[in-house]
Amino acid sequence: MTETRVRFLDLQAQYAGLRREIRTAVDAVFESQAFVLGPAVATFEAALGRYLDTAHVIGVASGTDALYLARRAADIGPGDAVLTTPYSFVASATQIARTGARPYFGDIDAESFNLDPATVRRWLAEACRRDGAVVRAPGGEMVRAILPVHLFGRPCAIGELGALAAEYGLVIIEDAAQAIGARIDGSGRCAGTVGRFGCFSFYPTKNLGGAGDGGCVVTSAESDATAVRSLARHGVGGGPYRHVALGLASRLDALQAVVLGVKLGRIEAWNAARRHHAERYEYLLTAALGSARVVAVPALVAGHVFHQYVVRVRERDRVQAALTAAGIETHVYYPIPLHLQPCFAGLGHRAGDLPEAERASAETLALPIYPELSDAAATRVVETLARAVGERGG
C-alpha cells in the first residue's frame with residue numbers, strides 16, 4: 001500500500017467526527033442493560049418513521065431478514081413466484097427461495113442498472129398466462145409479487161412497476177437496502193415507502209450504517225406491521241409464549257439502534273455530500289476524457305443518493321488492476337449476475353438469457369465515494385482512471 005492510496009470507503013473518518021456522541025449513547029445502553037428491543041429500539045424506529053414519512057418501522061437483525069420477513073408477511077411461499085432483478089446482491093433473490101417461492105428474473109435497464117419495466121411487462125404479457133384472476137409463471141407458479149431494487153442509491157422506476165403490479169394484481173416489495181433517503185422523482189416520497197413493504201439494510205457500509213448487522217421493514221399498514229413483528233419474534237401472537245406462526249429471532253439490537261440514531265441526524269448532509277462527489281466526478285471525467293465514450297458515468301437523476309458511483313469501462317478488469325497498482329481502491333458489483341449464480345443453477349438459465357445484466361456484470365466498476373472523500377482524492381481517481389483507459393483505448 002502506498003501513502004497516497006485512495007480508500008474505497010473510510011468508516012474511520014466518519015467515526016472520528018461522531019466518537020463522543022456514539023460512545024455516550026452506547027454507554028447509556030450499557031447502564032440500562034436493555035440490549036434487546038426496549039426503549040432505544042422504539043425511539044429509533046419512531047425517528048426513522050418520521051424521516052421516511054411512513055407509519056410503521058420494524059427493526060430486524062439484517063437487511064436479508066427484512067426481505068425474508070416481508071415476503072412471509074405477504075404470505076408468499078411454496079407454489080408462488082416473485083419477479084426480481086438479476087443484477088443485485090444475492091439476498092434479493094435467495095430470500096425469495098428461502099420462503100419456498102421461485103424467483104424469476106427480468107433484465108435491467110442499461111443506464112440505471114435497475115429492473116426494466118419494459119421487460120417486466122413483456123414477461124407478464126408473453127411468458128406468463130392468465131388463469132382466471134391468477135397470473136401463472138412459465139413454471140406454473142402463481143405470480144404474487146415484483147421485487148425491484150433501488151440499486152446503488154438510484155430510485156428505480158417504481159411508478160411504472162407499481163402500475164404493472166396493480167394491473168396484474170401483484171404486490172410490490174421494495175429492496176431499498178442501498179437507497180435510504182433516495183427520493184422518488186415527481187413525488188418526493190422516499191424509496192422503500194411506495195410498495196406494500198420496503199426493506200432496508202444497516203450494514204456498516206450503507207449510507208446509514210450501524211456497528212454490525214441490522215435492518216428494518218417499513219409498511220403503511222398496521223396489519224402488515226403486526227405480521228412482521230410477530231414473525232421476527234418467533235411467531236408470537238395473542239399473549240406471551242403463544243406462537244401462531246413459525247417465526248425466527250430477528251431483532252434490531254439496542255446498541256445498533258443508538259448508533260443508528262446518532263447517524264440518522266446526519267443522513268441528509270451525508271447524502272448531499274455523496275451527490276457533490278458524484279457531480280464532481282462527472283465534471284472531472286468529462287474534462288479528462290472529452291467526447292471519448294470509453295467511460296460511461298451514472299446520470300445525476302433527481303433523488304439519487306449515490307450509495308455507489310458505478311461507471312462502465314471496457315476492459316474493466318485491466319483498468320481496475322491499473323487503478324489498484326496506483327493505490328486507488330475500487331470494487332466490482334456484481335461480477336456474476338444472479339441468474340448465473342451456482343445456487344440458482346436449478347432454474348435452468350444460460351449465459352445470454354439476460355444480456356443487459358450480463359453486460360453490466362462484465363463492465364461496471366465502482367469508484368470511491370463517501371461523504372469524507374476529499375476533492376483532491378476524487379481528482380486523483382479521475383486522473384488515474386483516464387490514464388488507465390487511455391493505455392489501450394479503455
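This is a predicted model: local features need pLDDT of at least 70, side-chain atom pairs count only at pLDDT 80 or more; totals for chains, interfaces and linings use all residues.
Author: A pocket is an open set of points on a 1 Å grid over the protein atoms alone, with protein on both sides within 12 Å along at least five of seven lines. Residues are numbered from 1 along each chain as its sequence is written, and side-chain values use heavy atoms, with hydrogens and water left out.

Reader: What makes a residue part of the lining of the second largest pocket, and which residues lie nearest its centre?

Author: A lining residue has an atom within 4 Å of a point. By that test 22 residues line the second largest pocket, with Pro-155, Cys-156, Ala-157, Ile-158 and Asp-185 nearest its centre. Helix H7 (residues 158–168) gives the largest share, 3 residues. Helices (H or I, at least four residues) and strands (E, at least two) are DSSP runs, numbered from the N terminus.

Reader: What is the volume of the largest pocket, and which residues lie nearest its centre?

Author: That volume is about 640 Å³. The lining has 32 residues, and Phe-89, Gln-178, Tyr-203, Thr-205 and Lys-206 are the ones nearest the centre. At least two lining residues each come from helix H4 (63–73), helix H5 (91–98) and strand S8 (197–201). By class, there are 16 nonpolar, 12 polar and 4 charged residues.

Reader: Why is a set of points called a cavity rather than a pocket, and how many cavities of 30 Å³ or more are there?

Author: A 1.4 Å probe fits in a cavity but cannot get out, whereas a pocket is open, so the two names part ways there. The structure holds 2 cavities of 30 Å³ or more. The largest has a volume of about 80 Å³, and residues lining it include Glu-111, Phe-113, His-304 and Val-310. Phe-113 also has a phi near 70°, a positive value in a residue other than glycine, and is found in the loop between strand S3 (102–105) and helix H6 (117–127). The second largest cavity is about 60 Å³. Leu-9, Leu-11, Gln-14, Arg-274 and Pro-371 lie nearest its centre, among 13 lining residues. Helix H1 (11–16) and H10 are the elements that give two or more of them.

Reader: How do you know that S11 and S12 pair?

Author: Two strands pair if DSSP finds at least two bridges between them. Strand S11 (residues 309–313) and S12 have 4 bridges, in the antiparallel sense, so the test is passed. Val-310, for one, stands opposite Ala-366 in S12. The open sheet runs S10-S11-S12.

Reader: Why do strands S10 and S12 stand at the edges?

Author: Strand S10 (295–296) and strand S12 (364–367) each have a single partner strand, so one side of each is left without a neighbour in the sheet. Helix H10 (residues 267–289) packs on the sheet, touching S10, S11 and S12; contact means heavy atoms within 4.5 Å.

Reader: Why is the crossing of H10 and H13 called right-handed?

Author: The axes of H10 and helix H13 (residues 375–391) cross at roughly 35° and come within 10 Å, so the handedness assigned is right-handed. Axes are lines fitted to C-alpha atoms, for helices over the stretch in contact, with angles from 0 to 180 degrees between N-to-C directions. Among the residues that meet are Tyr-281 and Leu-285 in H10, and Val-382 and Leu-385 in H13. By class the contact has 11 nonpolar, 3 polar and 2 charged residues.

Note on methods: Ala, Val, Leu, Ile, Met, Phe, Trp, Tyr, Cys and Pro count as nonpolar, Asp, Glu, Lys and Arg as charged, and the others, Gly among them, as polar. Grid points are joined across faces, edges and corners, and a volume is the space filled by probe spheres set on the points.
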